[in-house]
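Good morning, and thank you for joining.

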Amino acid sequence: MVNPVSGFHKKTKEQKIEWLAANYLAGDSQSITILKKYWNSDEALQKLHDDFIENTISNYYLPYGVAPNFLINETLYTLPMVIEESSVVAAASNAAKFWLNKGGFKTQVITTIKNGQVHFNFFGNVTDLKAYFSEIKPTLISSIDTIQKNMKKRGGGLLDIELIDATETLKGYFQLHCTFETGDAMGANFINSCLEVIASTFKNEAQSFQPFKISEAFPEVVMSILSNYVPECLVRAEVSCPVSQLSVEGLDGETFANKIVRAVAIAKATPRRAVTHNKGIMNGVDAVILATGNDFRAVEAGVHAYASKDGKYTSLTHASAENGIFKFWIELPLALGTVGGLTNLHPLVKFSFSLLQKPNAKQLMEIIAVAGLAQNFAALRSLVTVGIQKGHMKMHLMNILNGLNASEIEKNKAIDYFKNHQVSHSAVVDFIAAQRN
Ligand code: MEV
């Protein structure tokens, strides 16, 4: 049985590994060798990665790929994508190529407002609370003068504070709903720092507000935190072309356009399909989010909440084929940063920004919305024509071969053979077994 460990974070990396080996790995030297194999020989680079989190014992690689030929608002981009799923980069590249000679992708940032809340309890007289809020609001704003100074210079800062009565959802529950502009920073630290100061000012000043004293009912702050639900930080990306230009896989343009429109309608009709449909969108979104050092958990949470904003989980993309024109578009809430966080630290994130020609946060929103739209187009194109497995398994073939420890000769033979045969795990196993016999 393993005993609890105290002061684990104070141990050196070697000591941590020794502790793990002794307690969980029965001293298995193979596992230790693997962990160390992933250490970077450049000590400074390794130290940088060690310091990103607590208790780092190794690095975990994911492939860093690129998808070229993305024409976005008349500029050609190559998108950096970090993802383990075999077919995602190939699908993105195909979609980019498909739209390249049809006008490419058009995008528009709709709004860039972020938000956070001071959540508090109040069981006194609501009229007193409203009076207190009106009186104290200028003080709440000036209490963050120092924190806001630099952000304001960059054109951002607090936009407004509203008192929200949320007692219909939870007895005694109110919010100070604060909105912010954070420019090219994702702004999580800035927003949270502002909220914490606003919260303590709000709480402290309440002690001397006469009506609260008389009723002995004071607001009690529960917590202060930004919201990852950012429906006011919204970007739209779109492709469109005459239906006649859409013929693919032996289908005429009209048939193909109608099939895509129907596939989107199905995703709008049922959450069972919408979740998978949106997952495909997030294949593209997350891959670029990771490559650019942004917070994919925040984006995922916010995007899926947005997909349910009308009370039912539904498709994030939309399609129409009307008057001979096919349109396919997406609206995504994306709170992103191109400065701060990992963006100035991680060498590969810096590389991603160079590759993307140093976008600002709005441009990154546009690029990432395009990645999601392209990924969805590629998935739907396969789904309504040849099926998803053909392309997916073609890309997955190498994983199966690597899993079977195939030699280079075996791999080349397999690639040749499976050009004309359906890839499945068992078919590849049989093929390799036959080679080895
Ligand atoms: C697989 O990662 C993504 C898809 O399932 C998306 C979709 O079904 O639209 C292919």
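Setting aside neighbours within four places in sequence, L334 is in contact with V230, C233, V235, V285, V299, V303, M365, I368 and A369.

Before going further, a word on provenance. This is a predicted model, in which local features need pLDDT of at least 70 and side-chain atom pairs count only at pLDDT 80 or more, while totals for chains, interfaces and linings use all residues. Residues are numbered from 1 along each chain as its sequence is written, and side-chain values use heavy atoms, with hydrogens and water left out.

L334 belongs to the largest nonpolar core, which has 69 residues; F70, F326, F328 and L334 touch the most other members. Such a core is a set of buried Ala, Val, Leu, Ile, Met, Phe, Trp, Tyr and Cys residues joined through side-chain atoms within 4.5 Å. Buried means under 20% relative accessible area, exposed over 50%, and partly exposed in between, with a 1.4 Å probe and protein chains only. Helix 13, residues 361–383, gives the most to this core, with 12 residues; helices (H or I, at least four residues) and strands (E, at least two) are DSSP runs, numbered from the N terminus. Another core, of 29 residues, lies apart from it and includes F122, L158, F174 and I198.

Beyond its neighbours within four places in sequence, I164 is in contact with F174, Q175 and H177. Why does I164 not count as buried? Because its relative accessible area is 27%, I164 is partly exposed.

Now to the ligand. Its surroundings are E85, R273, T276, H277, K279, G280, N283, A379, L383 and I388, each with a heavy atom within 4 Å of the ligand. A polar side-chain atom of E85 lies 2.6 Å from an oxygen atom of the ligand. For R273, the corresponding distance to a ligand oxygen atom is 2.8 Å, and for an N or O atom in the side chain of N283 it is 2.9 Å. Taken alone, the ligand exposes 300 Å², and the protein buries 82% of that; these areas come from the Shrake-Rupley method with a 1.4 Å probe.

Finally, the whole protein: 16 helices and 10 strands, with buried residues making up 43% of the 437 residues.

Definitions and conventions. Contact means heavy atoms within 4.5 Å. A polar contact is a pair of N or O atoms within 3.5 Å; within protein, one must be able to donate a hydrogen and the other to accept it, and residues adjacent in sequence count only if both atoms are side-chain atoms.
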